Amino acid sequence: MARTAKLTFDDRSIDLPIVEGTEGELGLDIGKLRSGAGLITLDPGYGNTGSCTSEITFIDGEKGILRYRGIPIEQLAKHSTFVEVAWLLILGRLPKQAELDDFRERLGRNAPLHEGFKHLFEGFLADAPPMAVLSAMINAIPCFPHTSRDDESPEERAIEDAARLISKVRSIAAYGYRRARGLPYLYPDPKLGYVANFMHLMFSCPYRQHEASPEMVDALNLILLLHADHEQNCSTSTARMVGSSQANIYASCAAAVGALWGPLHGGANVAVLEMLESIHKGGVSAADAIKMAKDGTGGFRLMGFGHRVYKNFDPRARILKAAADKVLAQLGVKDPLLDVARQLEEMALKDSYFVDRKLYPNVDFYSGILMRAMGIPTNMFTVIFAMGRMPGWIAQWKELRDDPKARIARPRQIYTGPNETDYVGIDQRG
Ligand code: CMC
């Protein structure tokens with residue numbers, strides 16, 4: 001029998017249906033709340049609000065579980081690649097070999113940017129924030145011609161659109177990096193895979209091709225894969241929100257880049273590195289940083305700690321911590337920031353403030369150390385997060401747009417401003 005919850009308010013009472021997910025998560029369907037009881041819900045920050053049902057990603061924050069299309073993140077991290085995971089997220093199942101080969105071919109074919117992009121890049125100052133450049137350039141992609149076959153099925157068209165976006169974003173990220181350094185733009189190398197090509201586009205010289213070591217390619221693959229989706233977070237909800245007005249996928253993902261940029265979301269990976277550097281250089285001690293975070297001094301938080309959903313270790317952080325240890329050992333790099341990070345983590349995990357609030361390291365705590373070891377400058381960290389998150393945004397946008405019942409997202413509010421007030425002419429204002 002369908003389960004319901006009874007809501008009684010003044011002299012009215014309504015039964016609201018309970019929706020159950022495949023992992024037993026329960027939600028109260030409030031679709032009839034306004035018409036039935038004259039109420040709306042108020043939930044700033046949406047901590048108790050489900051904006052959709054989704055088949056893409058499952059998180060159990062209490063247990064520290066993350067699965068893409070049902071597959072545990074640990075298995076994907078061990079056996080899969082970013083490109084395969086992108087296909088999995090967007091199409092809903094693991095690809096067959098021919099499908100993966102086709103996707104790789106599409107990624108390769110879409111890698112070059114139209115020459116007109118160069119003029120757009122030239123318009124930015126060298127120190128323009130890379131996330132601003134990324135967002136602007138994603139919006140610009142559909143301004144340039146794209147040839148696709150007329151006889152493609154809707155699924156083939158979706159794959160081509162996804163490949164175009166995922167591939168172009170990589171080239172845009174690398175061009176942004178080169179523009180900031182006054183380096184000449186390079187063409188993608190069709191022989192290279194997604195990650196190696198990105199490293200080539202960033203680090204090669206016109207006279208000497210950068211050859212990324214397999215360890216570096218694996219590490220970046222892992223970073224991208226671990227960031228590929230995270231259900232209804234701030235940037236993904238933004239992509240869905242914009243997409244709900246039937247804006248195109250480029251406008252929706254460009255808006256998501258803006259949401260990701262903030263230090264409470266994807267920008268945290270930059271903030272973590274700045275915090276670790278400041279502690280290392282003696283600006284503050286680790287103990288002081290913990291104290292400031294507890295006091296909330298000047299709004300300071302321990303960056304890379306805490307999560308809206310995880311009330312346990314973020315499984316991505318666990319994987320990245322192990323990867324950082326491995327890569328630094330392989331490279332023979334001794335990064336003092338890793339020691340500072342370990343010290344902070346140890347102190348925080350013993351401190352009742354963090355323990356009581358269930359604040360654990362999140363994905364951003366170790367990703368920066370790993371990227372730094374790979375020679376990626378700090379201001380590119382959030383851009384790389386965005387490259388990784390692109391398949392998630394695309395998959396979630398597609399799920400929304402394929403849903404015949406989807407409506408434009410339009411939350412309500414409880415107005416708390418002045419009651420009706422007459423306009424007063426400027427000469428009569430006190
Ligand atoms: N340092 C110190 N205190 C914290 C922290 C932190 N990093 N995070 C949360 N708290 C405290 C907060 O002050 C509050 O305390 P009290 O109950 O005494 O008022 C309590 O913990 C709950 O915090 P909240 O702000 O209500 O939690 P939220 O769910 O709204 O925010 C968060 C989640 C991730 C924005 C927050 O934990 C935070 O600001 N963390 C630092 C930034 C960060 O690392 N962001 C990356 C998130 S993971 C990547 C991604 O998916 O975006």
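Axes are lines fitted to C-alpha atoms, for helices over the stretch in contact. I keep that in mind for the helix pair below. I also note that this is a predicted model.

**Helix 4 against helix 7.** I looked up how helix 4 (residues 97-109) packs on helix 7. The angle is about 50 degrees, and the axes are 8 Å apart. An angle of about 50 degrees makes helix 4 oblique to helix 7. The crossing of helix 4 past helix 7 is right-handed. I then listed the contact residues. Helix 4 brings Asp-102, Phe-103, Arg-106, Leu-107 and Arg-109. Helix 7 answers with Glu-156, Ile-159, Glu-160, Ala-163, Ile-166, Ser-167 and Arg-170.

**Nonpolar core.** I turned to the largest nonpolar core, which has 121 residues. Ile-138, Leu-165, Ile-166, Leu-220 and Leu-344 touch the most other members. Leaving out residues up to four places away in sequence, Leu-165 touches Ile-138, Ile-141, Ile-249, Tyr-250, Cys-253, Met-390 and Ile-394.

**Aromatic pairs.** I found eleven aromatic pairs in the structure. Tyr-175 and Tyr-185 form a stacked one, at 4.5 Å centre to centre with 15 degrees between the planes. Tyr-175 sits in helix 7 (residues 154-181), and Tyr-185 lies in the loop between helix 7 and helix 8 (194-203). The two are ten residues apart. Are they buried or exposed? Tyr-175 and Tyr-185 are both buried. I also logged a cluster: ring pairs link Phe-305, Tyr-353, Phe-354, Phe-365 and Tyr-366.

Technical notes: Residues numbered from 1 in each chain as written. Predicted model: local features only at pLDDT ≥ 70, side-chain atom pairs only at ≥ 80, totals over all residues. Heavy atoms only, no water. Core = buried A, V, L, I, M, F, W, Y, C linked by side-chain atoms within 4.5 Å. Buried < 20%, exposed > 50% of the residue type's maximum accessible area, 1.4 Å probe, protein only. Contact = heavy atoms within 4.5 Å. Phe/Tyr/Trp six-rings, centres within 6.5 Å; stacked < 30°, edge-to-face > 60°. Helix = DSSP H or I, 4+ residues; strand = E, 2+ residues; numbered from the N terminus. Axes fitted to C-alpha atoms, helices over the stretch in contact; angles between N-to-C directions. Parallel < 35°, antiparallel > 145°, perpendicular 65-115°, else oblique. Left-handed = near helix turned anticlockwise from the far one by under 90°.
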